[in-house]
Amino acid sequence: MHRMHVIIAMDPHTIAQGARSIKDALVKNLELAGLSNEIKVVETGSLGIYNKGVVLVVFPDGIYYTGVKIADLSEIISEHLVKGRVVERLHYRDIPEESRAEEKAPRFGKQLRVVLKNAGIIDPESIEEYIAQDGYEAYGKALTEMKPADVLQTVKDSGMLGRGGAFFPTGVKWGFAAAEKAKEKYIICNADEGEPGTFKDRLILEGDPHAVLEGMCLAGYAVGATMGYVYIRGEYYMSIARVRRAIEQARKNGLLGKNIFGSGFSFDIEVREGAGAYICGEETALIESIEGKRGEPRDKPPFPPSVGLWGKPTIVNNVETLATVPQILLKGAAWYKSLGTESTPGTKVFTLVGNINNPGLIEVPLGITLREIIYDIGHGIPNGRGFKLAQLGGTTGGILTSEHLDLPFDLVNLRSIDAGLGSGALLVVDDTHNVVELVQNFAEFFNHESCGKCTMCREGTGRLVELLHKLTSGCGAESDIALIERLASAMMKSAFCGLGQAAPVPILGCLRYFRDEFTALAQQKRQQIPANA
Amino acid sequence: MPDLSRIDEIVASYQSTKSPLIYILKDVQKEFGFLSESVLTQVARVTRIPLSDIYGVATFYSLFTTKPKGQHIVRCCNNAPCWVNGSEEVLQKIKEYLEIETGETTGDGTFTLEFTSCLGLCAVAPVMMIDDQVFGNLTPEKAVAILRDYKTKGSANA
């Protein structure tokens, strides 16, 4: 037994601020002080406090320290851990409600944690801690008390919509694969997160990997699959390691393998690493990549639930979708339906990024407004600057301006303004930025990430960059704006996959609301043409 | 001439993995530093996958390289969330300090500078990654200090 626990948030954000070396130094200092038997250092996922340096929490006191440096450790040890006196200069009191690790109630202010209920609370490397939070209970219940068709029906009844961005009904997708007759079927967890501004999947994988595995097991049971793959982006080193470890633990505990709990159901999971390609987030491109090929999208139909990985029926679900499934099975479809709005049940994880005081990961019931997210949860825009626009759903997402601040977020409302929830990234842009330069940044991204398979996307994204560069370098004309619009609408109609079809969305959105900025650049006095134009 | 027999061992180690080409190329690149023509030809021979297919894969993914790279790979993010927080200035300063453009390697072979797509570290934007280490909340000065640190460490090890 340990007298005290020091929890250290170990997520990529804190690691980027030096958490790894702080943890190592802390463990070493405790050893030197002879306290290793009394005080245990535990890594956890994100605590929901971002941009405040390395974060430690001392339990049972529940004291948060932020901005901790190696030089502060000896004081924390000698003062707090030995004498019980809080080191006030590092003490952080402005704890966002949602990250109070000792709270058990699920509702924290405007946030409601379903998918993230364990993230930052349990040790993600311990299957025991997950099990202690009702982990694998839904799986056990499904295997012993429910038929696959019952599991499928529960997910269908919940009305859950897939959280990868398309919001396709999860139960319906599963139903397609369940109806297929095949010896082998596959469940793929799409963890190829690469949409700019999005890091929800990473923090779910790293904060609560077993929830994702349990969701995959349930999907596998419902549709009769034999094997699952978690396709994780190659750059996500920590997610890959955590999920691999979780799989091993699940195997050791008999949760994966042959004839699980004597139920006759056999299912195993393997990690597949990406190798750096944004397009592999598209489900058929992802399947091509698992098959060891170039990640270029396939023709649809046939859709993966009929013909997927190695030609077999395959379900591809997003991390957030899968991590929600165990909760639906445990608490029931009616419970899930009671969250969110009628058109879009459930909660949604958003990543709040850009020009915002309190960036990070939040989970809220749908129906919340932009104003609540930016000003209540995000603490507003830094340096007293004004709000210019927000982009919702990643770089292909629609544009929202101050006139949309009070629009409740759900699919119906957002569709009415040509936007969607997408990946849940919410990029806030302040009024110091020129919108044409921002749009040029979007266009450069698509040009870089276009896989090159179809002409419309490959050439179109490049041409958009050229036209925008003409404008931002002072060489453009109003006819260029018209050309951008024509090209954009042609791409939306004729590109092969979602990337090329969606690339023009934010460009047209910005044109709709900020046309004057485009025109101003087009009308400005011609400057000398730069050499690289 | 590199010892190509390691390729046989790497391929053999994935015997029980279905469609392992991407894993094989990752390991081979780790072994040889980059995916040269002779290396890829040998992979094709051992795996019996056409060289054209293998070349297609090796040039598709950004984590693979068919050219030699520097000792450290610096990947800068310039996607919108980093961009609105000043990544352009950071990147400019890094280019000035290293005296190279993105996609190039420094004359002494210490650094290769690349773009990366969003690393999902937007709460501490702007960010860069050096090898598998991530650095956040960058300013032009901070980025240069980190690179200087790598440079001195690199020469101390040599």
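In helix α17 of chain A, residues A:Met456, A:Cys457, A:Gly460, A:Arg463, A:Leu464, A:Leu467, A:Lys470 and A:Leu471 meet A:Asp480, A:Leu483, A:Ile484, A:Leu487, A:Ala490, A:Met491 and A:Ser494 in α18(A) (contact means C-beta atoms, placed from the backbone, within 7 Å). These residues divide into 10 nonpolar, two polar and three charged (Ala, Val, Leu, Ile, Met, Phe, Trp, Tyr, Cys and Pro count as nonpolar, Asp, Glu, Lys and Arg as charged, and the others, Gly among them, as polar). This is a predicted model, where local features need pLDDT of at least 70 and side-chain atom pairs count only at pLDDT 80 or more, while totals for chains, interfaces and linings use all residues. Residues are numbered from 1 along each chain as its sequence is written, and chains are lettered from A and ligands numbered from 1 in the order in which they are written.

Helices α17(A) (455-472) and α18(A) (478-494) pack at about 160 degrees, their axes 10 Å apart (axes are lines fitted to C-alpha atoms, for helices over the stretch in contact, and angles run from 0 to 180 degrees between N-to-C directions). That makes the two helices roughly antiparallel (angles over 145 degrees).

Now turn to the sheet. Chain A has an open sheet of four strands in the order β2-β1-β3-β4, with mixed pairing (strands pair if DSSP finds at least two bridges between them; helices, H or I, of at least four residues and strands, E, of at least two are DSSP runs, numbered from the N terminus). Because β2 (39-44) and β4 (63-65) of chain A each have a single partner strand, one side of each is left without a neighbour in the sheet. Strand β1(A), residues 4-9, pairs with β2(A) in the parallel sense over six bridges, and A:Met4 stands opposite A:Ile39 in β2(A).

Methods. Parallel < 35°, antiparallel > 145°, perpendicular 65-115°, else oblique. Contact = placed C-beta atoms within 7 Å.
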